Structures are given as C-alpha cells and as structure tokens.
Amino acid sequence: MKAILASALLVLAFPPLIAHGAPVSIESTQDADTAVPVTLGQSVVALTGPWKFHIGDNPQWADPSYDDSQWETVDLTPTPQTTLPGVPIPGFVSGWEARGHPRYAGYAWYRMRVRIRGAGGPLTLLAPEWFDGAFQAFANGHLVGSFGEFNTSVPTLYEGNPARFSLPLSAYQPRPDGTTLLAFRFYMAAESLGMGVRGGMHAPPRIGLPSAAAAIFHVEWESEYRRLASSVAAAMLYFLFALLIAVLLAFNRTEKMLLWPLCASALEVLQYSLIFSTNIRWMSEVRLEALIAFASIVAGYLWLLTWWAYFRLQQTRWLFNAILGWGLWNFAAAEFFTIILGSGTPSHQLIAASKISGLCDGSGVFLLIVAIAWLGWKREERKPWPLFIALFFFSFQVFEPVMALLHLRTAWQPFGVLLPFNLISLGASIFFFSIVLFGQFRASLKRQQATEEDLKQAQEVQTLLIPRHAPQVPGWRIESEYRPARQVGGDFFQVLPADDRSLLIVVGDVSGKGLQAAMTVSAIVGALRDSHERLPAQVLAHLNRVLCGQIGGFVTCCATLLAENGAMSIANAGHLSPYRNGEEVPLESGLPLGIAPDATYAESHIQLAPGDLLTFLSDGVVEAQSPTGELFGFERTAAISTQSAQAIATAAQAHGQQDDITVLTVARTPELKAVTA
C-alpha cells in the first residue's frame, strides 16, 4: 500500500460522469429482505458496506451460499481525514489493525451481498484506492481479478496501484434471492505492521458502468503520477548534481574527494528512480524494497564519507572505519529484515527486533554526524560555513522517524504532489554543498591558472637552458632533438666545449614529469655551468653532491669527455649507454644521482676513429609504447641508432610517446684528422 505516498482523491464526491443507458440500481444488503437503493448511470457506486469480515483463510468463503452471519461487520465509509505518520490522507479508512486485530498479518476476507438491477451488460469493479498487500476479487464464487501472485505458498506482493476488473453479466448474475456476492481475499505481510492502522482495504471498492469507471480509473492513475512526481524531481535533482560533480572531476582529476558525492548522487538517482517505478508491476514488493533499501543505505553512508573527506578528517582513520563498519552492519540488518519480513509470517519478536534495529541505525548515524561536525569544527583550518549548513540539513533525515512518532507533519501535498520533509532537507543540503563545490572549483581554477603560468615560465627558462640547436664545433658534427611529453620535461643535455677543443657532453633524465622535474633540470644545468670539473667521474660526483637531499626522486646521467684526438672518457650514473656505430657501448653503471652523497663513479676510455658516430638518448625512445601496448624496445633502437637525431626521435614519437624524448648524435668528422695532423 502506498499510504505514505497517498494524496487526496475524492471518491464519494466525485463529479457526476455522463454515461448512456438506463439507470441501474444497486442495493447493498446482508439480507435479501433489506436493501439500500443506489442509482447508477451517471457515476459509480462506492461499496462502503456493511461488509462482513473475518481473519484467516478458507476457500469456501468465496461461496455465496456460505453463512457469514457470525462474522464481524465492517463499514468502509471514509472519515473526513486520517493522518498516517505525518501524512494527512482525506478519505483514508483504517485497516483491521485498528478494528480489533492489532499486529495481525496474513489472510483475511471481506464479503458483501449486493442487489444489481437494470444493468443489462458488463460492469467494472474498481479496486480500493488504498490497500495493503495483495488480494483476489470474487463475484458469486468466481475469480474476477487479482492484484499480486497467489500461485505460491506465500503470495508475491507488488506496490499498490489502481486496478480494475471487468464483471461480465455471467459473473454477477443474481442468485435466486436476487443478490450477488462480492468477496475479497486479502493477504498482508508482517513487514507492513507497526503503524496501528494497516490491514486490508483502506477505501471502499467501487462498481459501475465501464465508461464511468474508466474515467475514474484514468484520473486515479493521473493522481498516482502526481504523487510520485516528487521522486522524479528528486532523481533529476541528483542527476544534475552528479553531472555537475562529473564536470568538476573532468576539469580537475586530482580532486579525488569528488568521487564520494558522485557515487552517492548516482545511488540517489537509482533510489528515486526505483521509487517512481513502483507504479509498474515489474518486480515483487520485497525485491523492490530491498533494492530501494540498498540504494538508500549505501547512499547515506557515502554521504557520511563525503562529509568526512570534505571536513579534512583523513587523519581520524577510526572515524572512517566507524562509518564503514556501521554502514555494513546496517546494510546487512536492513536487507535481512526486509527479505525475512516480506517472505512469510515472522514472529512478533522478529518484528520488534526490526524496529529496534532501525532506531539503533538512526542513533548511530546521528552520533557519526555529530562526531564529523565536532572534529571539523575543532580543526585549526576552518571549513567554509556552507559546508556546516549542508551537514546540518543532511542530519534532518535522522529526525524524521522521531517526528512521525510525535505526530508532527513530515510531508506536504501541494497540488497533489507529495513533498516529503526529508526531500526538502536533502535539497537544501545539496544547495549549500553546491556552494562549497563552486568555491572549490574557483580555487582549483586559480591554482590551475597559477600552475599554467609557472609552467609557461619554466618552459621559457628551460628553452634558455636546453639549446634548441646543438653548437657547431670544428671537427665534430652534432645533432640534437628534444621533445618533452608535456609543456616542460625532465630530460636534459649539455654540450660544453673548452678552449682545448674538447667537448663535455652530459645527457640525463630526471625521475617524474612536469614542473618539479623541470626545476630539477634547471638546478642541474646551473650546477654544470658553475662547475670547473671536466672529467666525467668528477662531474657526476659533483652533481650527486648538489642533488642529494634537495630532490625527492633521482636523476640518471651519462657524462662524456671527447678530446680533440678522439680519445673518449665516459662515466655513467644509471643512464642508458650510448651507441657507437649502431652498437651499445659497454659501461659500468653507478648509482643514479641524488641517492647516496658518497657515491663514486668509474670511467671507461675509448678511442674514436674518424667517422665514428655516438648516439646518446633517453629512455623515452626505448619505452615508447604503441596503442596495443608494444614497446619500441632496444632492438628497434639499436637498428636506427645510426640515423639522424631527428629521424630517431620521429620514429619513437610515431610509435607512441609516453615520456620525454631526447636524442643527441655526435660524429667525428674526417676534417678533424687533417687538423690534428
């Protein structure tokens, strides 16, 4: 029954509907000698009673000849207004719990004899507008319709919706005494107990001509959609909020905290979509309520984790564990009680345990909210005031059950649309939380603009430090290619000629990327230019002392000294060995720079012949990766190492650049031999 989602729809005072045909009279009676005449033809008739009522179940109770004179008498005449917890519902009739059968769940029957005259054709039976559980409708012992599945030991229940059943003339053909027996067999699951007014019919069924009944049936569906319009609005609200978060996350992927409200909002969209889907009999009530409970509970605790993250309480790991642990326990308990209570007739002790579990969950959530607010307030770094207001409105949902117990209003119905209290509070919470997100977005935008400005300046500095074109030195042909993966890179190279016509070549790679790596490159180039060291081992030792304790990562580097006569001295600190005429130069590699301040480096000595080609490169060439995951590799690198620097860099970049690419080729020209001679 959707009692909580119900709104006013006048049943007895429905405006007259025009229908063609002669007037039809229906008499409601329990004895063949008494009759209450009702004229039918311009409206439908509400079968308010008197009804005969009995708890239990017996197939013979559908038989019109069965004697029900000892049964209870029930009048379904609507009262001016009945109020369920916080929701006023005009025309609502209390069920069997309020009629002497408290806390009873299971089967019950309603029987009523009517005298129909002058119909002459089929009629339509409209189901009660509000009811609990599932039911079967009988006319003179014949099943004419049902709501729910009764083909199992425990009927399958669906959320209550408007229903109508056709009554052919053969179904309501009067008996010899001139009466027709209408009977309803109801089943209510134990999970519906607890409000004191549940059980069976909460509005009278109605009977009338098909045209008039069809008009009322469509109006009831229109009212049903109006009642559920708030769930559609809530789903759209959370969808737009999730879309906003997704845009912010796409703009700044480093804001991982946005994942918490994004997941929570997605589950809220699912929850309210499922609530709206209750007007479709696509899933049993138990499963549907289990899904709604899953989305609601998980979303609620994801919101708690959102507050935990946005109040910067990551140091209070115990609070995170408390939220996660309490959420898992509540989820397991809620799903257990939802399935067990809806799958049979549980004991009163189990029902009481379900209520206690719900109260404990609300108390636990309230304590967690208080802990988050208190710890967030105590932090030296004050959080923006909209965040506290958002948490304040979020906490209101905890008080809704208490307000219901105190008979305080928890819902409003403007224009027939249900507006629950918790939806208003959550909407306010989202509004103020959106203010926090926009503030976060503005701050992130400013940081990004500042970072881009820093990167631009670092790029300009790096352009000055790393030459675009290699210097021209007599006797040597030098080519270079430098292609950073980002605006600034972590690779570097320096070609430093001396007066004695020797060349000091330093090629390296800083771990990491971006601005930090670029600043490390600046420090290295500055240290190289300020140093008077020329021997490769001493150059590496000097750079290592400068970098130790100053950087968070490490630097691989290769230093080479080329003499005028072709003598080459080389030392390596974890960098790729250069290639000589297409073959890798065997070197003893030391520790990368910046790891151990007392590291030493060995030198290797090689004699270059005229025409020899040295190729220095960074690991961005070897580690270039194709879309299928294939690396460029050492074999391809060795195969093209005799080509120009531009050709090598282009081949690696075309394969799939993943890191900075640096290629430096140095060839000893034949002219050097003549000059030396």
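Author: An axis here is a line fitted to C-alpha atoms, for helices over the stretch in contact, and angles run from 0 to 180 degrees between N-to-C directions. Helices (H or I, at least four residues) and strands (E, at least two) are DSSP runs, numbered from the N terminus. Keep in mind that this is a predicted model, where local features need pLDDT of at least 70 and side-chain atom pairs count only at pLDDT 80 or more, while totals for chains, interfaces and linings use all residues. Residues are numbered from 1 along each chain as its sequence is written, and side-chain values use heavy atoms, with hydrogens and water left out.

Now, the packing. Helix 3 (residues 259-276) lies against helix 4 with the two axes 8 Å apart and an angle of about 155°. The crossing of helix 3 and helix 4 is left-handed, meaning that the near helix is turned anticlockwise from the far one by less than a right angle (clockwise would be right-handed).

Helix 4, which spans residues 285-310, also meets helix 7 (residues 385-394): their axes come within 11 Å and cross at roughly 160°. Helix 4 and helix 7 are therefore roughly antiparallel as well, and helix 4 passes helix 7 in a left-handed crossing. So who does the touching? On helix 4, it's G300, W303, L304, W307 and Y310, and on helix 7, L387, A390, L391 and F394; contact means heavy atoms within 4.5 Å.

Follow the chain out of helix 4 and you get to F311, in the loop between helix 4 and helix 5 (317-341). Is F311 buried or exposed? It's buried, with a relative accessible area of 0%; buried means under 20%, exposed over 50%, and partly exposed in between (1.4 Å probe, protein chains only). The C-alpha atoms of F311 and R379 are separated by 8.7 Å, although the two residues are 68 apart along the chain.

N544 is another one to click on. It's part of helix 11 (residues 536-547), and N544 counts as buried because its relative accessibility is 0%. Leaving aside residues up to four places away in sequence, N544 touches P592, L593, G594, I595, A596, P597, D598, A599 and Y601.

On to the charged pairs. How many salt bridges does a search of the whole structure find? Ten, each one a side-chain nitrogen of Lys or Arg within 4 Å of a carboxyl oxygen of Asp or Glu.

Take R185 and D57, whose side chains meet in a salt bridge at 2.7 Å, N to O. This pair links distant parts of the chain, 128 residues apart: R185 is in strand 13 (residues 180-188), and D57 is in the loop between strand 4 (51-55) and strand 5 (72-74). R185 is buried at a relative accessible area of 15%, whereas D57 is partly exposed at 35%.

R111 and D68 make another salt bridge, again 2.7 Å from N to O. Here R111 is in strand 8 (residues 106-117) and D68 in the loop between strand 4 and strand 5, 43 residues apart. Both ends are tucked away: R111 is buried at 0% and D68 is buried at 3%.

Then there's E564 with R501, a salt bridge of 3.3 Å, N to O. E564 is in the loop between strand 20 (555-562) and strand 21 (567-573), and R501 is in the loop between strand 18 (491-497) and strand 19 (503-510), so the pair ties together parts 63 residues apart in sequence. E564 is partly exposed at 27%, and R501 is partly exposed at 48%. Back at D68, salt bridges that share partners join D68, R111 and R113 into one network.

What about disulfides? A search of the whole structure finds zero, a disulfide being a pair of cysteine sulfur atoms within 2.5 Å. Among the cysteines, C263 is partly exposed at 38%, while C548 is buried at 15%.

Zooming out, the protein has 15 helices and 26 strands. Of its 677 residues, 53% count as buried. Among contacts with a separation of 6 or more, 75% are between residues 24 or more positions apart.

How values were computed:
Angles under 35 degrees count as roughly parallel, over 145 as roughly antiparallel, 65 to 115 as roughly perpendicular and the rest as oblique.
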